[in-house]
Amino acid sequence: MKLNNLKPAEGSVKTRKRIGRGPGSGLGGTSTRGTKGAKARSGYKKKIGFEGGQMPLQRRVPKSGFKNINRVEYKAINLNLLQNLADSKKLTKITVADLIAAGFVSKGQLVKVLANGTLTAKLDVEVNAFSKKAEEAIKSLGGTATKL
């Protein structure tokens with residue numbers, strides 16, 4: 001075997017169609033594009049959502065609702081989750097970094113503590129927001145609720 005007698009496997013290489021090279025090729029004339037219409041012309045590009053002149057779906061369906069651009073989205077953390085975290089890690093101060101390390105919150109997410117569940121330990125909690133009842137529950141046990 002030498003470089004000069006290497007060949008691809010039989011049937012693995014196809015010859016390309018030479019379109020628009022006269023009637024003798026069998027692929028002349030309309031050049032496999034069919035007859036007439038926009039798709040037969042050069043420079044044709046289908047517009048996104050075009051349905052052949054029929055009213056397109058995005059124009060048939062009415063607009064609805066709106067998106068508030070000032071919305072602030074928080075990750076909800078309940079009091080019982082804070083209690084479990086304090087018990088398992090022996091913590092007295094819980095910050096956003098602790099919640100990220102425990103896997104409850106992703107990096108960059110804002111955290112809000114909600115009052116679901118019960119809290120029995122005195123905790124110092126530092127997060128972005130608190131519900132009124134959650135803040136009262138933390139302060140009633142002698143802890144502090146600090147907003148970042």
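Is L3 buried or exposed? L3 is exposed, at 78% relative accessible area (buried is under 20%, exposed over 50%, partly exposed in between; 1.4 Å probe, protein chains only). The model is predicted: local features need pLDDT of at least 70, side-chain atom pairs pLDDT 80 or more, while totals for chains, interfaces and linings use all residues. Numbering starts from 1 along each chain as its sequence is written, and side-chain values use heavy atoms, without hydrogens or water.

**View 1. The segment before α1.** L3 sits in the segment before α1 (57-60). Helices (DSSP H or I, at least four residues) and strands (E, at least two) are numbered from the N terminus.

View 2. In α4 (residues 132-140), A134, E135 and I138 are buried. Seen down the axis, the buried residues of α4 fall within an arc of 100°, so they line one face; the arc is that of directions from the helix axis to the C-beta atoms. The face turned away from the buried side carries exposed K132, K133, E136 and S140. Cover for the buried residues includes α2 (79-89), β3 (110-114), β4 (124-127), β5 (129-130) and β6 (144-147). Contact means heavy atoms within 4.5 Å. Just after α4, G142 takes a positive phi of about 90°.

**View 3. The largest nonpolar core.** This core has 19 residues; L82, L99, V113, V125 and V127 touch the most other members. A nonpolar core is a set of buried Ala, Val, Leu, Ile, Met, Phe, Trp, Tyr and Cys joined through side-chain atoms within 4.5 Å. α2 gives the most, with four residues.
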